[in-house]
Amino acid sequence: MTIPAPDHKRYFIEKLGLSERLMERCLGEALSAGGDYADLYFESVTSTSLGIDESLVKSASQGISVGCGIRVVSGERTGYAYTDDLSSDRLLRAARTAALIASGPAKELMSGFRHTDTPSLYPVAGATSDAEIAAKLALIERADKAARAFDSRITQVRAGFNDELRRILVAASDGTFASDTQPLARLNVFVIAKDGTNTARGTSGGGGRVTMDFFEGDKSPEHYAREAARTAILQLGAIEAPAGEMPVVLGPGWPGVLLHEAVGHGLEADFNRKKTSAFAGLIGQQVASPKVTVVDNGLMPGRRGSINMDDEGNPTQETVLIENGILKGFLSDKLNSRLMGMPNTGSGRRESYHHIPMPRMTNTYMLNGEDMPEDIIKSVKRGLYAVNFGGGQVDITNGKFVFSASEAYLIEDGRVTRPVKGATLIGNGPEALKYVSMVGNDLALDEGIGTCGKAGQSVPVGVGMPTVKLDRMTVGGTGQ
Amino acid sequence: MSQLASQVSSDLKQLASDVLSKALKAGATDAEAVVYEGDEFSALVRLGQVETLKESGSRAVGLRVFIGQRTASTSSSDFSSESIERLVEGAITLAKITSEDPFAGLPEPQEFGKIEEDQHLYFDDVNEMPPAERIEIARRTEAAAMAYDARIQNSGGGDFDTSTSHKILMNSRGFTGEYRRSYCGFSAAPIAHDEKGNMQRNYWFSNSRTVEKLENPEEIGHEAARRTLRRLGARQVKTQKAPVVFSPEIARSIIGNIFDAANGDSIYRNASFFSGMLGEQVAGENITVIDDGTIIHDGIGGFGTRPFDGEGLPTRRTVLVERGVLKNYVSNTYTARKLNMKSTGNASRGLAGNPGIGAGNFFLEAGSLTPEQIIGDVKNGLYVTETMGFGVNLVTGDYSQGASGLWIENGELAYPVEEITIAGNLKDMYKNIVAIGNDLVFRGASAAPTIHIEGMTIAGA
């Protein structure tokens, strides 16, 4: 079935009163002092946030942000200016400011824009932003009830529903003229459990670029509420996490944050062009066990990290980063692919019109292997089984990365035994995946809560992985 | 203040006042408007060439309304009258669907106020400095770092940033306040290689509210180089329990967790290991921790200084921990009511959403030892210069972070270490601070001197 591509650009032309002629004038102004390339990035975001706390709807807010970022690239140099006023004189003034980066004769503009269609990986009509507030409130009220009903030791429950509709249009001097409408929704639950003097927290959540129906299936508010409550109750009985180097088994799904930190950031093209990444110069080399294949895939329908096009107007794609342990490629954008003579992988993303785009991940995951998850656990005499994580972080240059487990258990004699407290795991990106000795056949993506930060810019991403065994990794607990 | 600036100020005040009267007319029983306007400039120079130049201004308006004890908020970057109508309508519509909360509401009128003396938060020279001079400082800082040692052949660049902002807060209970703030800063991030080709990166910076107080670019570049070079050749150490000395940059975040643990919002939920601990000994007797939103350092307002908080209450000095005893929780109006206390004037206000709780200038009082003396007293231990990760649990106090730094042998910094973790529990860590340095320097809104903590677990090879 073919669904006609929605006409995303109409919003900018009809509602915001922009014209292609004005865009051409701005690009002309942007290249008036020379430069190789210029682009205009128009963005309009409406967002809603609802919160229930102590069973009261205590917070409700809405925000609107509209603006345009104008970029001029000259060699390796980038000039950037933005405006939240879309009148022609403000746009032209921003274009002149961005133009200051270049110094040379004015560049002739290309003749006319090349209109491109974008795929439809997610709903536009019927996205959560169109739903009644009452329907969203019902979700968080249900989450509150379900978490409280889970166990009498649950003493505090907070649940929130956040969604946004982001419309973007990119017009560039290379003829790019592309637009998209990107819905995004997320339901979060946070609970506190108390048993005598012992207190613990639990969190859960999920979503994506979805309609309200998403939250009516197995990803219901009750599902997230029970997950948060279960984790908190479990933590009440957790013992000290062990300290030191040991085998680590990572469960499927969100533990894929390992890949995001250990290899993903290090493979972004900007760091490799500048040779500031620990992975610089390692293309074609063995950086992981032959069992490891890692891809970045922006084309998964409805996923939080998916995009019909990147923020430079290029189609997104599936990019193989590591194939059977061999480093295959980088994630790149227009600037870096041109300077490095490499293909553009459509990875140019930005937080908002205030920001310059740069290479970023979308949904990053490891492909299935052949091992049964239970065989993986059985193979470990003494180690850690970590199934859920908070955030992670990496130092691109020396390759050291951490990720912090929020739900983990001891493995003793091939069996998962006692739950342990949260602990940070640390490793070295170009080395850690060489210790992968078993890869499960149970690939799962995360629930849809990931936000990645780089150089002060946040973008939504996804991660995933099957059950994986690393023969050694350093676990940062305090126990034996 | 120039004539143009006062013109802008009166326009923005008019806007805030219009938004408030529209909200009251539409059915709000109380309302609060915030108008924000800011300019930013940043230049990045890499390997001597300008890599990015960014310059822009932005503005936004936020509205919080109450209908009785129901509340909601909206924000917009669009100041057109159509958008302002939508802002007001949206807030009223949303407020109607929220719950009655007996603790919700603006502060009582007698609580409003602001520090009237000049807090020296805004300096024109930040805007007046020509872009070419800003770029030149970024270039000099990077060049100094790269010239410092032959092992430095690459760089993340040198940068120079400035920003200025203007904020107006106005509410229907008669409060109107405004302030401007300026910021400028520069840094360098050199990259060094060792003979095996392994790379390390670090950075150093200088910042102030005025260009006049910025440090010398060459000195900052050299310090960035030293901090990078001392990481070269780092290795893991064995898993062990050992004394840990935290550099001021890291001590600051460990002490910062005291503010988060004393946050009234977490206290009333029992979501903090400080819940129910008021008046109790939570740290060693050598520990005094203060939040002060009014500090002026040597004629320049602190980075956490402002005349009033996000709800229009005057900022003040609050002692959180005095000689190890927890003396105060920090709160805004809502959490103070929940705790049956008075707000400590720590409301932080974004454009939309309910006010949060934020620190002013937050610090651990200095001790008398030099950092060299503290390190000199450690026979075998870790000096931490960097931590990584999100392994701090404020509900339980459990602490587990990635770390790197230098190993201390017989009181001397002996060799760099990395790929290790440090773990403990903040409840114990605050009681086991056995030495406090005299090196308290504010490079941001919060600060702490060098500290030495006993009893932590280091995990490595």
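How many bridges join strand S9 (residues 289-292) of chain B to strand S12 (residues 317-322) of chain B, and in which sense do the two run? Four bridges join them, and the strands run antiparallel; this is a predicted model, in which local features need pLDDT of at least 70, side-chain atom pairs count only at pLDDT 80 or more, and totals for chains, interfaces and linings use all residues. Residues are numbered from 1 along each chain as its sequence is written, chains are lettered from A and ligands numbered from 1 in the order in which they are written, and side-chain values use heavy atoms, with hydrogens and water left out.

**View 1. An open sheet in chain B.**
Five strands of chain B form an open sheet in the order S13-S12-S9-S16-S21, with mixed pairing. Strand S13 (325-326) and strand S21 (446-447) are at the edges and have a single partner strand each, so one side of each lacks a neighbour in the sheet. Strands are DSSP runs of E of at least two residues, helices are runs of H or I of at least four, and both are numbered from the N terminus. Two strands count as paired if DSSP finds at least two bridges between them.

**View 2**
Val321(B) in S12(B) stands opposite Val289(B). In S13(B), Val321(B) has Leu326(B) as its bridge partner. S12(B) and S13(B) pair in the antiparallel sense over two bridges. Two residues lie between the strands of this hairpin, where Arg323(B) takes a positive phi near 45°.

**View 3. The contact of chain A with chain B.**
Chain A contributes 67 residues to the contact and chain B contributes 72, where contact means heavy atoms within 4.5 Å. About 5,500 Å² is buried between the chains, 52% of it on carbon and sulfur atoms; buried area is the accessible area (1.4 Å probe) that two parts lose on being put together, summed over both. Between the chains, 33 residue pairs are in polar contact, both residues at pLDDT 80 or more. Strand S2 (residues 56-74) of chain A supplies 11 residues, the largest share of the side of chain A that touches chain B. That side of chain A has 24 nonpolar, 28 polar and 15 charged residues. A polar contact is a pair of N or O atoms within 3.5 Å; within protein, one must be able to donate a hydrogen and the other to accept it, and residues adjacent in sequence count only if both atoms are side-chain atoms. Ala, Val, Leu, Ile, Met, Phe, Trp, Tyr, Cys and Pro count as nonpolar, Asp, Glu, Lys and Arg as charged, and the others, Gly among them, as polar.

**View 4. Strand pairing between the chains.**
Strand S3 (residues 77-83) of chain A pairs with strand S2 (residues 49-67) of chain B in the parallel sense, over three bridges. Tyr80(A) has Lys54(B) as its bridge partner in S2(B).

**View 5. Salt bridges between and within chains.**
Six salt bridges are found across the interface of chain A and chain B, a salt bridge being a side-chain nitrogen of Lys or Arg within 4 Å of a carboxyl oxygen of Asp or Glu. Asp53(A) and Arg269(B) form a salt bridge through their side chains (2.6 Å, N to O). Over all chains the structure holds 54 salt bridges. Glu29(A) forms one with Arg96(A), with the closest N and O atoms 3.6 Å apart. This pair links distant parts of the chain, 67 residues apart: Glu29(A) is in helix H2 (residues 20-30) and Arg96(A) in helix H3 (residues 88-99) of chain A.
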